[in-house]
Amino acid sequence: MVEISASLLNLNKENANRKIYDLEVSKIDCFHIDVMDGQFVENNNVDLMKDYALLTSHISNLGIDVHLMVNNIEEFVEEYLSLSPRIITFHIESSKDEDRTLKLIKKIKERGTKVGIAISPDTNIDEIKKYLGMIHMVLVMTVIPGKGGQSLIPKTIQKIKNLREYINEKKIDIDIEADGGINGENAKDVIKAGANILVIGTYLLNSENYFETVKSIKTCY
Ligand code: DX5
Ligand code: ZN
């Protein structure tokens with residue numbers, strides 16, 4: 001069964017409490033917190049995302065799926081671990097070398113939290129194959145990281161397919177999360193390619209009825 005992680009990136013602050021409640025009762029599986037530091041990506045939403053992470057942790061039992069688009073990964077891992085998130089995901093384009101990446105995986109797991117690695121559209125899955133046996137999720141960016149409301153980049157669907165084939169061949173138990181530009185038109189292709197968690201932001205937040213939107217995505221394949 002595919003899971004939906006609702007991105008709060010484009011949620012505006014007024015009536016955020018109400019919207020978060022409405023999302024929760026729409027049967028999403030978790031909240032996707034997109035942390036941007038203004039260095040790894042242009043936008044800086046650090047304070048707002050911390051507010052939303054605290055808010056969802058206080059008013060909802062659903063976990064938070066933290067997506068770090070930051071250079072100083074260690075600092076934000078420390079900050080978000082205190083919220084007992086469902087999972088913390090960092091970018092391989094930011095952690096870069098193997099030593100730092102392994103240290104980050106160890107640090108997050110030692111504190112009892114699941115860990116994911118994110119890959120941007122132009123990064124080859126070969127960059128992360130060596131970590132697959134140690135992590136819980138690969139976040140495949142289906143847009144350029146940095147802002148919500150973009151269109152899905154079609155070549156990323158083949159990338160998901162290639163990754164899923166590799167994972168199945170190696171019999172690795174790991175989630176594939178697709179993130180960016182996902183909507184009612186492309187969700188079926190993304191799921192058929194092999195993603196089992198879909199991040200949905202704009203398409204869900206802009207829809208009339210969250211419950212119906214979530215239901216239609218969960219039953220589209
Ligand atoms: C982009 C973020 C995504 C994105 C999802 O850098 O990682 O989570 O905001 O939002 P939509 O569904 O609006 O593309
Ligand atoms: Zn994201």
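This is a predicted model: local features need pLDDT of at least 70, side-chain atom pairs count only at pLDDT 80 or more; totals for chains, interfaces and linings use all residues.
Counting Ala, Val, Leu, Ile, Met, Phe, Trp, Tyr, Cys and Pro as nonpolar, Asp, Glu, Lys and Arg as charged, and the others, Gly among them, as polar, the shell around ligand 1 divides into seven nonpolar, 10 polar and three charged residues.

**Shell and pocket of ligand 1**

- Ligand 1 is surrounded by 20 residues, of which Asp34, Gly146, Asp179, Gly201 and Thr202 are the closest.
- The largest pocket is the space that ligand 1 takes, and the elements that give two or more residues to the shell are strand E2 (30-36), strand E3 (63-69) and strand E8 (197-200).
- Strand E2 gives the most to this shell, with three residues.

**Polar contacts and cover**

- From the side chains, a polar atom of Thr202 lies 2.4 Å from an oxygen atom of ligand 1.
- On its own, ligand 1 has 370 Å² of accessible area, and the protein covers 99% of it.

**Positive phi in loops**

- Lys27, although not a glycine, has a positive phi of about 75 degrees; this residue lies in the loop between helix H1 (16-25) and strand E2, and is exposed, with a relative accessible area of 55%.
- Ser84, also not a glycine, has a positive phi of about 45 degrees; its place is the loop between helix H3 (73-81) and strand E4 (87-91), where Ser84 is exposed because its relative accessible area is 59% and the cut-off for exposed is over 50%.

Definitions and conventions:
Residues are numbered from 1 along each chain as its sequence is written. Chains are lettered from A and ligands numbered from 1 in the order in which they are written. Side-chain values use heavy atoms; hydrogens and water are left out. A residue is near a molecule or strand if one of its heavy atoms lies within 4 Å of it. A polar contact is a pair of N or O atoms within 3.5 Å; within protein, one must be able to donate a hydrogen and the other to accept it, and residues adjacent in sequence count only if both atoms are side-chain atoms. Accessible areas come from the Shrake-Rupley method with a 1.4 Å probe; for residues, only the protein chains shown count as cover. On a 1 Å grid over the protein atoms alone, a cavity is a set of points where a 1.4 Å probe fits but cannot get out, and a pocket is an open set with protein on both sides within 12 Å along at least five of seven lines; lining residues have an atom within 4 Å of a point. A molecule sits in a cavity or pocket if more than half of its atoms lie within 2 Å of its grid points. Helices (H or I, at least four residues) and strands (E, at least two) are DSSP runs, numbered from the N terminus. Buried means under 20% relative accessible area, exposed over 50%, partly exposed in between (1.4 Å probe, protein chains only).
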